[in-house]
Amino acid sequence: MEDTEKIAVEAREEAEKAESSRALYEIKMKFLGRTGKVTALLKGMRDIAAELRPAFGKKVNDLREKLEGIFGEIEARVKAKEMEKKLASEKIDVTEPGRHTAQGALHPITRTRDELIDVFAGMGFEIFEGPEIETEYYNFTALNTPADHPARDMQDTFYIGDGVLLRTQTSAGQIRLMEKKKPPIKMLSPGRVFRSDDDATHSPMFHQMEGLVVDKTITLCDLQGMLDEFARKMFSSSAKTRLRPSYFPFTEPSVEVDVSCTACGGKGCSLCKGTGWIEVLGAGMVNRHVLENCGVDPDEYTGFAFGMGIERIAMLKYGIRHIRSFFENDTRFLQQFKD
Ligand code: DAH
C-alpha cells in the first residue's frame, strides 16, 4: 500500500526528464498503459483479502488520478516548449525579398485580335470561325472566283489535295455562314490564313479578321460609318478613313480602305511615305453572285464585307517593323506587350 506514494514520486521524476511529448507518452504508458504499473496493481486486487479491497481500490484510483494530473501538467509544459522550438525554427522573415516567378503575356496578335473583337462586338457583330483546311469551292469558286479567274493568282495557294487547300482568306467563312444562317447577318470571323509568300511584311501564315453584314437596306454608307468607328476605337479618336476604288471578285464595288497615318496623324512621314494615309483593309458591297451562291436573294438583300490582316493592324498599332517578330517567339519582344 505504501507503494503508491513511491510510484507517484517515481513517475514525476521520470516524466520531468522527458524531452519530447513522444517520450513523455511512453513514460505515461509505463504507468497508466494496459501493461503499466497502475494497471498491474489493479490486477493484483484478486490476491487481496476481500475486506481490504475497497480501501485498496480507492488508493489505486487516487494514484491513477494523481498520475494523470502529473502527466497532464508536464505534458502542457513539454508541448509549450515544443511549440516554441517549432516557431523559432519556422520563423518567417517578412522583410526578405519574394521569390520571382516570370509572368507570361498575351501574344500581340492575340491582343490585337481581342481588341478587334471588342470593337466589333460593341457594334453587335457575332463571331464565326471557319476551317483552316478548305475546298476550292469555299475559298474561291463560291466567292465568285472561278478556276480560270486571274484573281486566283493574286494569292499563291498551298494545295494539299485535289480541290483541297489551306485557306488563303477568311472570306471563305462568309460562304459557310450564309449557307447556314439567313439574313440579317452581322458576322466577324478571325483566323489563320496561308499563302506562299515571305518577306518583311508577308509571312506564309498570318491572321485575318473578316466581317460580313447582310440585311435589307445595307449600303456603302453603312460600311463607311462602321469603318470610321473602327478606326477611332482601334487607332485614335481623331483617326479618319478614306475609301479608294479597288477590285475583289467577291465585292462590287470594291474598295481599299486607308486610315490617317498612325505615326504622323496625316501630315506625312516615312511610314506613310509622305501621303498621310495607310492602307489597312479591303472591303466592298457583297457581289450579287456571292449572295446567289448562298441562296440569298440579291434583289431583297444587300451586304458589305471587309477583310484585314491582324498582323498589319498590330504592326501599325505598336510600331512593329518586321512581320517575323510575331513568329520568332523571342521573349524579349513578347514581354513588351504587357498591361
Ligand atoms: N479576302 C481579301 C484578301 O485576303 C480581303 C477582303 C477584301 C475581304 C474585300 C473582304 C472584302 O471581305 O470585301 O485580300
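This is a predicted model: local features need pLDDT of at least 70, side-chain atom pairs count only at pLDDT 80 or more; totals for chains, interfaces and linings use all residues.
Reader: What makes the order of the seven strands in the open sheet, and what kind of pairing do they have?

Author: The order is β1-β5-β6-β10-β9-β8-β7, and the pairing is mixed. Two strands count as a pair if DSSP finds at least two bridges between them. Strands here are DSSP runs (E, at least two residues) and helices are too (H or I, at least four residues), numbered from the N terminus. Residues are numbered from 1 along each chain as its sequence is written, and side-chain values use heavy atoms, with hydrogens and water left out.

Reader: Why are β1 and β7 said to stand at the edges?

Author: β1 (126–127) and β7 (241–248) each have a single partner strand, so one side of each has no neighbour in the sheet.

Reader: How do you know that β9 and β10 pair?

Author: Five bridges join β9 (residues 277–286) to β10 (residues 302–309), and the rule asks for at least two. These strands run antiparallel. As for A283, its bridge partner in β10 is F306.

Reader: How do you know that the span of helix α1 agrees with what it should be?

Author: The expected span is 1.5 Å times one less than the number of residues. For the 15 residues of α1 (residues 3–17) that should be 21 Å, and the end C-alpha atoms are 21 Å apart, so it agrees.

Reader: What makes a residue of α1 buried, and which ones are?

Author: Buried means under 20% relative accessible area, exposed means over 50%, and partly exposed is in between (1.4 Å probe, protein chains only). T4, I7, A8, A11 and A15 are buried in α1. Down the helix axis they fall within an arc of 100 degrees, so they line one face; the arc is that of the directions from the axis to the C-beta atoms. K6 and K17, on the other side, are exposed.
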